[in-house]
Amino acid sequence: MNSIHEELLIRYLQGGSTPEESAIVEAWELQSDENRKILEHFYFLLQSAGCLKVMHEADPQTALHHLKKKIRTHLLKARIRRTMTMVQRAAAVLFIPILLIAGHLVIEELQEARRYVEVKTNPGMVSSFDLPDGSKVWLNSGGSLKYPAEFSSRMREVQLKGQGYFEVKRDEDTPFYVRIDDFYSVEVLGTEFNVSAYEDDHLIETTLVTGKVKLNIRLADGRLIQKILSPNQKAVYDRDTHRLHITTVNTESDTVWKEGRIIFRQHPMEQVIKVLSRHYNVRFEVKDPKVWQSELTAKFTNEPLPQVLEYIKLASDVKFKFKQHSRIENDTLRVSVIELYK
């Protein structure tokens with residue numbers, strides 16, 4: 001019991017030893033303070049090697065080879081009592097700084113990984129900004145985009161809620177992902193596209209303007225659907241039915257919102273109401289089911305809401321009445337409520 005194989009010590013410290021092997025190591029450790037200190041040194045070596053391996057992504061076999069070499073060296077020195085003090089002092093000089101540096105770098109990396117920026121757009125407004133890689137984003141009313149302060153060298157990923165238009169800077173070595181949730185993401189290299197994915201909407205719409213994107217849709221049963229879009233294609237995914245529909249469209253209708261414009265081309269009234277409620281930060285109450293049967297074709301550029309409603313009245317015979325006007329009460333903005341009927 002005066003000596004022990006280093007492989008057994010490694011398994012013990014990594015939690016992979018059998019109960020019998022653990023009993024052997026623990027009995028050996030209790031024989032002397034020298035054995036206990038040797039075991040402590042091995043523990044520090046394993047921790048240091050693990051930290052350095054994670055940070056530098058070292059080859060596991062090479063790291064294990066170096067670790068075993070160091071362990072054998074310490075076993076040899078540990079057997080020579082006259083040099084034991086020097087070995088311990090050398091270990092204190094070498095391993096403690098390594099652990100401190102490694103710990104500092106790991107903590108620094110974790111802190112960096114937690115550094116995210118989140119941009120939110122107030123209802124009725126549109127904002128634009130640049131991402132760390134130089135890509136440009138327009139964020140529509142009531143939307144939010146979360147992204148890291150610095151992208152990694154392997155992947156660029158942002159998290160979108162609401163509607164966003166992206167001009168992605170091309171980087172073939174670092175793909176760009178727009179993640180909606182755990183089940184839906186858009187993968188691109190360099191392109192321009194629009195994504196609409198409001199949390200209160202069961203549809204996710206992706207419209208490609210230029211370039212190429214790939215949709216990654218993970219179903220509840222674990223299956224992965226992947227579809228590649230070409231320019232002027234629009235994909236509509238229903239979160240409730242899990243159905244994906246791809247059509248060729250005029251992309252202008254889905255992208256002019258970033259310029260303060262609205263275009264409807266025979267849009268059903270349900271979609272018209274949804275767009276106007278977000279653009280003007282109002283709430284509509286449909287009092288007559290016949291309203292849903294109407295369609296609208298129109299173009300608006302920064303017109304005030306009453307003027308837009310007057311046009312809808314003329315074009316589709318859908319009447320409106322302001323039930324409640326916007327006002328501030330107790331520092332809280334209460335949005336307008338507009339009744340629609342025929």
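This is a predicted model: local features need pLDDT of at least 70, side-chain atom pairs count only at pLDDT 80 or more; totals for chains, interfaces and linings use all residues.

**Entry 1: the largest cavity**

Residues are numbered from 1 along each chain as its sequence is written, and side-chain values use heavy atoms, with hydrogens and water left out.

Back to the cavity. I searched the whole structure and got two cavities of 30 Å³ or more. The largest cavity has a volume of about 60 Å³. A cavity here is a set of points, on a 1 Å grid over the protein atoms alone, where a 1.4 Å probe fits but cannot get out; lining residues have an atom within 4 Å of a point. Grid points are joined across faces, edges and corners, and the volume is the space filled by probe spheres set on the points.

I then listed the lining of the largest cavity: Met269, Val272, Ile273, Leu276, Phe284, Leu309, Ile312, Val318, Lys319, Phe320 and Leu340. Helix H7 (269-280), helix H8 (305-316) and strand S17 (319-324) are the elements that give two or more residues to this lining. H7 supplies the largest share, four residues. Helices (H or I, at least four residues) and strands (E, at least two) are DSSP runs, numbered from the N terminus.

**Entry 2: the chain as a whole**

I counted eight helices and 20 strands in the protein chain. Of its 342 residues, 39% count as buried. Buried means under 20% relative accessible area, exposed over 50%, and partly exposed in between (1.4 Å probe, protein chains only).

Which residues touch the most other members of the largest nonpolar core? They are Leu145, Phe166 and Phe193, in a core of 30 residues. Apart from this core lies another, of 21 residues, among them Val272, Val308, Ile312 and Ile338. A nonpolar core is a set of buried Ala, Val, Leu, Ile, Met, Phe, Trp, Tyr and Cys residues joined through side-chain atoms within 4.5 Å.

Next I looked at Ser144, which sits in strand S4 (residues 144-148). Is Ser144 buried or exposed? Ser144 is buried, because its relative accessible area is 10%. Leaving out residues up to four places away in sequence, Ser144 touches Glu118, Val119, Lys120, Leu139, Gln159, Leu160 and Lys161; contact means heavy atoms within 4.5 Å.

Gln159 is partly exposed, at 37% relative accessible area. Beyond its neighbours within four places in sequence, Gln159 is in contact with Ser144, Leu145, Lys146 and Arg179.

**Entry 3: salt bridges**

My count came to 21 salt bridges, each a side-chain nitrogen of Lys or Arg within 4 Å of a carboxyl oxygen of Asp or Glu. One of them pairs Arg265 with Glu252 (3.1 Å, N to O). Arg265 lies in strand S14 (residues 261-268) and Glu252 in helix H6 (residues 252-255), so the pair ties together parts that are 13 residues apart in sequence. Arg265 is partly exposed at 33%, and Glu252 is partly exposed at 25%.

Lys319, which I had met in the cavity lining, forms a salt bridge with Asp317, with the closest N and O atoms 3.4 Å apart. Salt bridges that share partners join Glu252, Lys258, Glu259, Arg261 and Arg265 into one network.

**Entry 4: positive phi**

Most residues other than glycine have a negative phi. I noted Asp317, which has a positive phi of about 65 degrees although it is not a glycine. Asp317 is in the loop between H8 and S17, and is partly exposed at 43%. I also noted Gln266 in strand S14, with phi near 50 degrees. Gln266 counts as exposed, at 58% relative accessibility.

Methods. On a 1 Å grid over the protein atoms alone, a cavity is a set of points where a 1.4 Å probe fits but cannot get out, and a pocket is an open set with protein on both sides within 12 Å along at least five of seven lines; lining residues have an atom within 4 Å of a point.
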